[in-house]
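Welcome, and thanks for opening your viewer. Keep the selection panel handy, and let us walk through the model one stop at a time.

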Amino acid sequence: MREYPPNRTSTQDAPSAIMITQRSTHQAFPHFRRTARRYTLATAAILIAVQQLVFASNLNANNIDTALILAVDTSQSVNQVRFRLQMDGIAAALEDPGVINTILGGPRGAIAIMLVSWADHSHFLLPWTLVRSKQDAHDTAGRIRRLPRQVGEYTCMARMLRTLNETVLESAPFNPLKTVVDISGDGIDNCESEASLTRARDDVVKTGAVINGLPIIVDGTRLVGEGAYRAPGAGLVPLIPPDQRERITLKSWYERNVIGGFGAFTIAANGYRDFARAMRSKFVVEISWAAEANRINPDDLPQPTVKLR
C-alpha cells in the first residue's frame with residue numbers, strides 16, 4: 001500500500017527542499033532583500049557620520065588662538081625673590097579679568113601656555129597647558145606660583161632659542177592661529193656673539209613664530225655691556241672704550257637683537273617689581289584678536305596688584 005503523500009524525509013532530498021523553500025521565500029517576499037539593503041546603507045552612513053563628529057571634536061579641541069611660550073630668565077642675577085616676582089606676575093596676569101575675557105573672546109576661545117626658564121640651559125617648568133575657561137586660567141596661575149626655581153649662572157639666550165626651535169616649535173600638540181615666544185630677562189646674551197643670537201632668532205621666526213621682548217631694566221642709567229659677566233669662551237667682541245661706545249640701553253638691545261616676526265614688540269619693566277604690570281600689558285596685546293588690538297597702548301592698561309609670596 002502506497003503512502004500518501006510520499007515520504008520525503010530522506011537526507012538526500014533535504015537540500016532540495018531547503019533551496020525550494022529559500023527561492024519561494026524570496027519570490028514571495030522580494031521586499032525583504034530591499035529592506036535589508038536599505039538598513040545596511042543607513043547603518044554605514046550613521047557610522048561615517050559618527051566618525052566625522054569624533055574627528056571634528058578632536059580637531060576642535062586642538063584648535064587654539066595662540067600658542068604662547070613664556071621664556072623667563074633665571075641666570076645668576078635672578079635670586080629667589082626676583083624669581084617669585086616673575087612667577088607671581090605671570091600668575092596675576094592670567095587671573096586678571098581683562099586677560100581672561102580676551103582669551104575667551106578670541107575666534108577659538110582658547111590659548112595654550114608653556115613656561116621655560118633659561119640660563120646656561122633651558123628647563124621646561126610648565127608643559128603645554130590649555131586655557132579655555134576662567135577655571136583653567138586660575139588653575140594654571142596656581143601651578144605657576146608653585147613652580148620651583150631652576151638656578152643658572154649665564155644668560156644664554158641664543159642657546160635657549162635653538163632649544164625651542166629644535167624641541168618645541170615643530171612638535172606643539174595644538175593648531176594655533178599664531179605662535180608667540182615671549183622672552184624676559186635683565187641682561188644681554190653673555191654666552192654667544194650677537195651674530196649667533198641673530199641666527200637663532202631668525203631660525204625661530206622662519207617657523208612662523210613671533211618673538212616679543214620684556215627687558216627688565218634694573219638700572220636705567222647703565223649701558224648694555226658695562227661690566228658684563230661673560231661665560232668662558234663666549235664669542236663676544238671686546239668692549240669698546242666707554243667714551244667711544246654707542247649709548248644703547250637694554251630695551252634698545254632687545255629691539256635690535258631679540259624681537260622678530262610680524263608685529264613683534266617690546267615692553268620694558270622698570271625693575272622686577274614692575275614685572276607684573278609689564279607682563280599683564282604684554283599678555284593682553286599678544287593674545288588679543290580684537291580689531292582694535294593694533295591700537296592698544298600698553299601704558300594705558302591698568303597695573304595689577306602683586307604681593308610677594
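Within what distance do the axes of helix α4 and α9 come, and at roughly what angle do they cross? Select residues 97-104 for α4 together with α9: the two axes come within 9 Å and cross at roughly 15 degrees. Axes here are lines fitted to C-alpha atoms, for helices over the stretch in contact, with angles running from 0 to 180 degrees between N-to-C directions. That angle makes α4 roughly parallel to α9 (angles under 35 degrees count as roughly parallel, over 145 as roughly antiparallel, 65 to 115 as roughly perpendicular and the rest as oblique).

Before moving on, a word on the ground rules. This is a predicted model, in which local features need pLDDT of at least 70 and side-chain atom pairs count only at pLDDT 80 or more, while totals for chains, interfaces and linings use all residues. Residues are numbered from 1 along each chain as its sequence is written, and side-chain values use heavy atoms, with hydrogens and water left out.

**The α4 and α9 pair**

Stay with these two helices and show side chains. G98, V99, T102 and I103 in α4 meet R280, F283, V284 and I287 in α9, where contact means heavy atoms within 4.5 Å. Now select 275-287, which is α9: this helix has 13 residues and reaches 18 Å from its first C-alpha to its last, close to the 18 Å expected at 1.5 Å a residue (the expected span is 1.5 Å times one less than the number of residues). Of the 13 residues of α9, 13 are buried, so α9 is largely enclosed by the rest of the structure. Buried means under 20% relative accessible area, exposed over 50%, and partly exposed in between (1.4 Å probe, protein chains only).

**Zoom out**

Colour by secondary structure next. The protein chain has 9 helices and 5 strands, and along the sequence they follow the pattern α-α-β-α-α-β-β-α-α-β-α-β-α-α. Helices (H or I, at least four residues) and strands (E, at least two) are DSSP runs, numbered from the N terminus. Of the 309 residues, 44% count as buried. Among contacts between residues at least 6 apart in sequence, 79% join residues at least 24 apart.

**Helix α5**

Select 134-145. The 12 residues of α5 should span 16 Å at 1.5 Å a residue, and the end C-alpha atoms are 17 Å apart, which agrees. Highlight A137, T140, A141, G142, I144 and R145, which are buried in α5. The buried residues of this helix pack against α3, α4, β2 (111-118) and β3 (122-131).

Go to F83 in helix α3 (residues 80-95). F83 is buried, with a relative accessible area of 1%. Beyond residues up to four places away in sequence, F83 touches T74, V78, L125, L147, P148 and R149.

Then pick S117 in strand β2, which counts as buried at 0% relative accessibility. Leaving aside neighbours within four places, S117 is in contact with V72, T74, S122, H123, L125 and Q150.

**The disulfide**

For the last stop, select C156 and C191, joined by a disulfide with S to S 1.9 Å (a disulfide is a pair of cysteine sulfur atoms within 2.5 Å). C156 lies in the loop between α5 and α6 (157-167) and C191 in the loop between β4 (175-185) and α7 (194-206), so the pair ties together parts that are 35 residues apart in sequence. Both cysteines, C156 and C191, are buried. The torsion about their S-S bond is about -50 degrees, so the disulfide is left-handed.
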